[in-house]
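My entries follow in the order I made them.

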Amino acid sequence: MQSGYKVKKFFSSQILLYSFILLLILLSVFVPAFFSARNILNILRQASTIGIIACAMTIVLIGGSVDLSVGSVVGLSGVLAISYLYRSLWLAILIPLLVAGLIGFLNGIITVKFKVDSVIVTLGSLAIIRGVTLLYTGGKMVDGILGSPYMLIGSGDFFGIPKPVVYFFFVALLLSLLLHKTKFGRQIFCIGSNFEASRTVGISAERLKVITFVISAVFAAFSAILISSRLNTASPLEGTGYEFDAITAVIVGGTSLFGGRGSLPKTILGVLFLASLNNAMILLNLNFSFEYMVKAFLLALFVYLDIRLKDI
Amino acid sequence: MNTNIILKRINENKVIIIIILLIILLSFLSPVFHTYENIVNVVFEITVEGIIAIGMTILILQKNFDLSVGSNLALAATVAILLQRYGPVVTIIGAILASSLAGLINGIMVSYLRFNSFVATLAMMFFLKGLVFYIVNGETVKGITQYYYKFGYGTLLKIPYPAIVFLVLITVSGILLSKTKLGRHIYAIGGNPIAAQYFGINEKAFITSSFVLTGALCGIAGLIIMTRVNIASGALGLYTNIDVIAAVIIGGTLFSGGYGDLFKTFQGILVLGIIANGMTLLNIQSYLQQVIKGFLLVLVIVIDSIVTVRRK
């Protein structure tokens, strides 16, 4: 009995890690081109965009909210960055981050002040921001300036590692430390598991919750800068559906949708897990429709395991 | 005291007030707005989302919701087109059955496996999208017969058949919800789950059947789309989930469950339909519609929250 409990407990905490290792072994054996330095770097580069957003989303979810507006923020930020590039390089970087910060602040303030569900608030801002972006560009793509130093932000590499991967690594490290090693992080867990109780023990819960929304929007904008810099163009439809991809990675990583429970390193594992699988399906020439179905199956499976293993 | 009562009255009827103002405004701005043809047009435009909104309202009353409605709609339309060669009976039964099955799986995940409806229906959304892409192989499928146009474009007493289906469905469901024990149980599950349990209401069966109902309604909506355009693709219904949830909440049903009704949802659907129609008539870019929809959504929940706080 006792050992059975221990085994289950052990698996419940590390199940994603073991699944991931198993997946890597299987893919290396059965997918010829999978295990090469070039392909691994490719996976990491593709994972970095959603990865950065998913790291920030983890903090929002642990704080007890959901931010569905990140995909639209990516769209708006990319368009703003490329448009302001014609004025100056610094504005192209600063304006999207500031606007995103303001959007996150508004999402947070409305959620907290009016005590409404963050799903509805951010669903509203998802529609508003996407609409504004499309109005701003008239539905057209915005092209950047060829040869501008802006292009150097996200393309190319540091010592052989693609730049987005390096940024992803530092964002993941920064946010992991913030969430798991500081007082701020502990307070986020606290407001997520019991908002009212955390207020009574003197945590400024409202302010912290607003900050989680600001973090998520600002990192979505950062991700958008990387994308638009690499492509040197911005589509007003960029980022459509990113919110669902990011949330999927966070939940596969075992973070609870109800707040108060989760881990940022596991979100990174979730991101890498999904990206590897995705990459393998492309290498195996599987129809892209399988990508959706496998993602759905994994999402359901991990939630099921999480619910089951929590009971014991 | 007096102002509070007035505020309360205004708040209870705010959607009707908005509808009347919109009608007056649009009658001045557009000469064709109040013509018979245009009114029929408005009613037709709202049928697809209106039919799905019936199920969504019942789900939200029980504190659940369904993100997979758009993909489910695409599934039904695709299945309907593929079954056309076997005649109308097989087509109708096949499409509704396929969508209901998706609803059933949603329901089982939420009620028996204790998934949060957000994750369960998110996974279903991905799965159905993949499934539709797989069936149609990334393309758009066309129907083989235009026989179905007779229904899609036909009228009875000058009212389009699809609109009649919608009006009958929402009236019957509205009566069932407000006048029968069945309906009261649904309110009890969302408003006071402990009391619901105490009275021996089989909560799991209710939640599962509500998801099945929503699925079946997606099937009917998909059939209606098929009878009008006779094509389907995986891209169909991309924003249906957001639009339908927005309509229900704008109508005044509370996202936190237990309060609302189908008459409110009808108003919500109507407001969005009139706005969409007015913008088309006035030649305003359709992007602005999304912005306005988002603003209305946020505005309605904020006003609700302010009035609720004042009343206390």
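Predicted model: local features only at pLDDT ≥ 70, side-chain atom pairs only at ≥ 80, totals over all residues.

**Entry 1: a helix pair in chain B**

I began with α12 (residues 240-251) and α13 (residues 262-281) of chain B, which pack at an angle of about 115° with their axes 7 Å apart. The axes are lines fitted to C-alpha atoms, for helices over the stretch in contact, and angles run from 0 to 180 degrees between N-to-C directions. Helices (H or I, at least four residues) and strands (E, at least two) are DSSP runs, numbered from the N terminus.

I noted the crossing of α12(B) and α13(B) as right-handed. A crossing is right-handed if the near helix is turned clockwise from the far one by less than a right angle, and left-handed if anticlockwise.

From α12(B), I listed B:Ala247, B:Val248, B:Ile250 and B:Gly251. Their partners in α13(B) include B:Lys264, B:Gln267, B:Ile269 and B:Leu272. Contact here means C-beta atoms, placed from the backbone, within 7 Å. By class, this contact of α12(B) with α13(B) has 6 nonpolar, 4 polar and 1 charged residues. Ala, Val, Leu, Ile, Met, Phe, Trp, Tyr, Cys and Pro count as nonpolar, Asp, Glu, Lys and Arg as charged, and the others, Gly among them, as polar.

Residues are numbered from 1 along each chain as its sequence is written, and chains are lettered from A and ligands numbered from 1 in the order in which they are written.

**Entry 2: α13(B) on its own**

I checked the length of α13(B). Its 20 residues should span 28 Å at 1.5 Å a residue, and its end C-alpha atoms are 28 Å apart, which agrees. The expected span is 1.5 Å times one less than the number of residues.

Is α13(B) mostly covered or mostly uncovered? I found it mostly covered, with 15 of its 20 residues buried. Buried means 20 or more other C-beta atoms within 10 Å of a residue's own, exposed means 12 or fewer, and partly exposed lies in between, with C-beta atoms placed from the backbone. Just after α13(B), B:Asn283 takes a positive phi of about 60°.

**Entry 3: a second pair in chain B**

Next I took α3 (residues 36-61) and α8 (residues 161-179) of chain B. Their axes come within 9 Å and cross at roughly 35°. The crossing of α3(B) with α8(B) is left-handed. The residues in contact include B:Phe44 and B:Ile51 of α3(B), and B:Phe166 and B:Leu169 of α8(B).

**Entry 4: chain B as a whole**

Chain B has 14 helices and 4 strands. Its radius of gyration is 20 Å, close to the 20 Å that the globule rule gives for 312 residues, so chain B is as compact as a globular protein of that length. The radius is taken over C-alpha atoms, and the rule is 2.2 Å times the number of residues to the power 0.38. The C-alpha trace of chain B spans about 65 × 55 × 35 Å along its principal axes. Buried residues make up 48% of chain B.

B:Ala120 is in α6 (residues 117-136) of chain B. It counts as buried, with 28 C-beta neighbours inside 10 Å. Not counting residues up to four places away in sequence, B:Ala120 touches B:Asn106, B:Met109, B:Val110 and B:Phe115.

B:Arg114 is in the loop between α5 (88-111) and α6 of chain B. It is not a glycine, yet its phi is positive, about 60°. B:Arg114 is partly exposed, with 14 other C-beta atoms within 10 Å.

**Entry 5: where the chains meet**

I then turned to the interface. 36 residues of chain A are in contact with 35 residues of chain B. On the side of chain A that touches chain B, α5(A) gives the largest share, 13 residues. That side divides into 25 nonpolar, 6 polar and 5 charged residues.

α5(A) itself is mostly covered, with 17 of its 20 residues buried. Just after α5(A), A:Gly138 takes a positive phi of about 65°. A:Lys115 is in the loop between α4 (89-113) and α5 of chain A, and its phi is near 50°.

Terms used: Contact = placed C-beta atoms within 7 Å.
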